[in-house]
Structure formats: C-alpha cells, structure tokens
Amino acid sequence: MFSKSVFNLRKLSEMPFHLIHSGNADRLARKVLFNFEWIYGKVRGQSLNEVLEDYSLALEVRPDLDVRFEMFWTLQIFFCLLHDDTEG
C-alpha cells in the first residue's frame with residue numbers, strides 16, 4: 001500500500017469511495033475505516049481532513065453502516081486540536 005515515504009495517492013483517494021459505494025460494509029470497515037495502518041498512511045500521505053471526509057461520506061451514503069462514532073469524533077477532535085496548535 002505505502003512505503004515509508006512514498007504514498008499511492010490514487011489508492012488513498014479512490015479506494016474509500018469505491019468501497020463506500022460498493023455496499024461491502026465489512027471490507028470498508030476492515031480495510032479503511034478501522035484500519036490504523038490505513039488511517040496513519042492517509043494522514044501522512046494526504047491529511048487528517050481527508051480521513052474525516054471518508055467517514056463523512058460513509059455516513060452520508062450508508063447511514064445504516066455500523067460506524068463507531070467514537071472513532072469519527074475522536075479523529076475530528078484531534079483534527080481541531082492540530083489545527084488550533086498550528087495557528088497559534
């Protein structure tokens with residue numbers, strides 16, 4: 001998926017979208033939403049905001065998805081803290 005310094009940006013961008021729309025909630029959860037390696041790689045390769053957008057899209061398209069809101073809100077709070085820290 002990634003090396004230590006080179007990221008497959010196309011995969012980081014498109015895989016969540018396709019899994020969200022495929023209806024394969026188990027694979028989406030296992031490969032993207034609750035996969036620490038994936039989240040870490042996407043934050044490093046793109047941004048935490050991009051990760052949050054994946055969660056938002058998943059919830060928008062699949063409201064029945066068993067998304068652990070704690071994970072989503074934890075990432076969102078983390079993003080806010082990082083954003084505040086870089087501004088001041």
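## Two sides of helix α2

Asp-26 and Arg-30 are exposed on one side of helix α2. This is a predicted model. Helix α2 covers residues 25–33, and Leu-28, Val-32 and Leu-33 are buried in it. Seen down the axis of α2, the buried residues fall within an arc of 65 degrees, so they line one face of the helix.

The structure holds two salt bridges. One joins the side chains of Glu-14 and Arg-10, at 3.3 Å from N to O. Both residues belong to helix α1, which spans residues 9–22. Glu-14 and Arg-10 sit four residues apart, about one turn of the helix.

How accessible are these two partners? Glu-14 has 33% relative accessibility, so it counts as partly exposed. Arg-10 has a relative accessible area of 60%, over the 50% cut-off, so it is exposed.

## A salt bridge between two helices

Lys-42 forms a salt bridge with Asp-54. Their closest N and O atoms are 2.6 Å apart. This pair links distant parts of the chain. Lys-42 lies in helix α3 (residues 36–45), while Asp-54 lies in helix α4 (residues 48–61). The two residues are 12 residues apart.

Are Lys-42 and Asp-54 buried or exposed? Both are buried.

Conventions: Residues numbered from 1 in each chain as written. Predicted model: local features only at pLDDT ≥ 70, side-chain atom pairs only at ≥ 80, totals over all residues. Heavy atoms only, no water. Salt bridge = Lys/Arg side-chain N within 4 Å of Asp/Glu carboxyl O. Buried < 20%, exposed > 50% of the residue type's maximum accessible area, 1.4 Å probe, protein only. Arc of directions from axis to C-beta.
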